[in-house]
Amino acid sequence: MLPSSGSTTRKLLLAFGALVALFTAASGFALARLVDIRDGSHELREAGARVRDTLELATAVRDQYAHVAHTIILGNASHVRFHEESRARVETLTRKLREQAQDDEERAWVADIQRNGDALDRLYRDTLLPAVLAKDQAAVTSAHGHALELVSLIQSRAESLAQRFDTSIGRFEEHVASVEHTSFRWALFLLGGATLFAVGVGIYIGNSVARPVARLSEGTARVARGELDARIPEDDPGELGQLAARFNQMTRALRTHQAQLVQHEKLASVGRLAAGVAHEINNPLGVILGYVRILQRKAEGALAEDLRVVEEEAVRCQQIVEGLLDLSRPGLGPVERVALREVCEDVVARLRESERLGQVEVRVEGEATAWAQPPRLRQVLLNLVKNATEAAGDGGAVELRIEATREGGASVAVSDSGPGVKPEDQPRLFEPFFTTRPTGTGLGLAVSQAIAEAHGGDIVADQGPLGGARFTLRLPPASPAREAMA
């Protein structure tokens, strides 16, 4: 959806769109001229290469004739090898010129050079060299004269080609100079106009954007100093006014969250105090349980029943104390790579040995590994499986599904066939002392969540595939710091 016609965003979009269009036109024109200049420069390089090849051909022909002359002067075949090397060089350059020829006339000249070169080579091998070796001075003189004529013809054609290539170089230079001159004028005009327009856009931004942004910056600085009652005027009709309104809403929300944070800190302090008290209560509870069990061996009748009730309540108090201690110390110690299936099967085996599973069918599916502290991980899984079996009841089913995540972490989902979690209980599942069972302490899930968070993960609850609840322990990938603890 496009902004309204009077909004700051629309105005800025139009201004920047026009600016981009100007710079695009200037850049496109300059690019087209640069391509033209590049093509002209390429043609210049090719023409220059043709001139160099032509001059090298003339030099190679002179070298070939020089070896002819040395053969005549020395009167032996010592320069035959050098003559052959020069001839090979002449043939190579002639072939290159034939490939570079651009019209019929140039091709005819190159063919003439090839023909005369072949004639010169045959004259040397078939006539002049045998005459030199035979000491036939008349034949040598005649062959030498013919060789000079052939060399002159080749040199003449080479000079004609070089002059033609020089002429083409001059034409290309004139074209490139013309393009450069035109490109400079138009680029100067377009870029100058775009620069002036950009100055106008900058002035508009300064008036309609910079000042409101400065007020926003000042407001954020005040909030950073702790002045959460800072407020920014909302008189701008555009998006910046809306941003100021959102900023004011944010500061109000921050004030609310700060108050909540203070309240949470108070509750945390109370929790730490409770943990300290629980630690001190644990020892007297142990003594009480010890004496109660001693008295139970001597008591009979109603007194024995009363002592059994005292023992049960003392054990319940001891469980609450242990839960408070666990809740206050979820910190993570040294970790190691753990095979989750092995830990899950060990937890299920321990519960089955202690007859805590009853007639519940428990199965473990999947495999994965994770970085964790094994005793803490086992404590979490023990709580989750125990809760699931109690929810499923005799004849029910519990499933532990282990999966590896794409990011390198892992998860263990504990599902049961029980009644599930009521929607109204969902937000309070992990609160300390909240429980839906009459015999529960309400600390198991709270402790498990604290341990999961200490590992960098969490526990989430939803409906599982067996119809009841599903509690999923999610463990993150190992970080370098976590691996260093191993």
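Modeller: This is a predicted model. Begin with helix α8, residues 374-392, which lies across β2, β4, β5, β6 and β7. Its direction runs at about 20 degrees to β5.

Biologist: In what order do the strands of the open sheet come?

Modeller: In general, strands of a sheet pair through backbone hydrogen bonds, either parallel or antiparallel. Here the open sheet has five strands in the order β2-β4-β5-β7-β6, and the pairing is mixed. β2 (361-365) and β6 (458-463) are the edge strands, each pairing on one side only. From one strand to the next, the twist averages 15 degrees.

Biologist: How many bridges join β2 to β4?

Modeller: Five, and the two strands run parallel. β4 covers residues 397-404. Within this pair, valine 364 stands opposite leucine 400 of β4.

Biologist: Which strands does helix α7 touch?

Modeller: Helix α7 (residues 340-353) packs on the sheet and touches β2, β4, β5 (410-416) and β7 (469-475). The direction of α7 makes about 170 degrees with that of β2.

Biologist: And the protein as a whole: how many helices and strands are there?

Modeller: The protein has 10 helices and seven strands. Of its 486 residues, 37% are buried. Among contacts with a separation of 6 or more, 73% come from residues 24 or more positions apart.

Biologist: What is the accessible surface of the protein?

Modeller: The accessible surface comes to about 27,900 Å², and carbon and sulfur atoms hold 57% of that area.

Definitions and conventions:
Residues numbered from 1 in each chain as written. Predicted model: local features only at pLDDT ≥ 70, side-chain atom pairs only at ≥ 80, totals over all residues. Heavy atoms only, no water. Pairing = 2+ DSSP bridges. Helix = DSSP H or I, 4+ residues; strand = E, 2+ residues; numbered from the N terminus. Axes fitted to C-alpha atoms, helices over the stretch in contact; angles between N-to-C directions. Contact = heavy atoms within 4.5 Å. Buried < 20%, exposed > 50% of the residue type's maximum accessible area, 1.4 Å probe, protein only. Areas by Shrake-Rupley, 256 points an atom, 1.4 Å probe, with all protein chains shown as cover.
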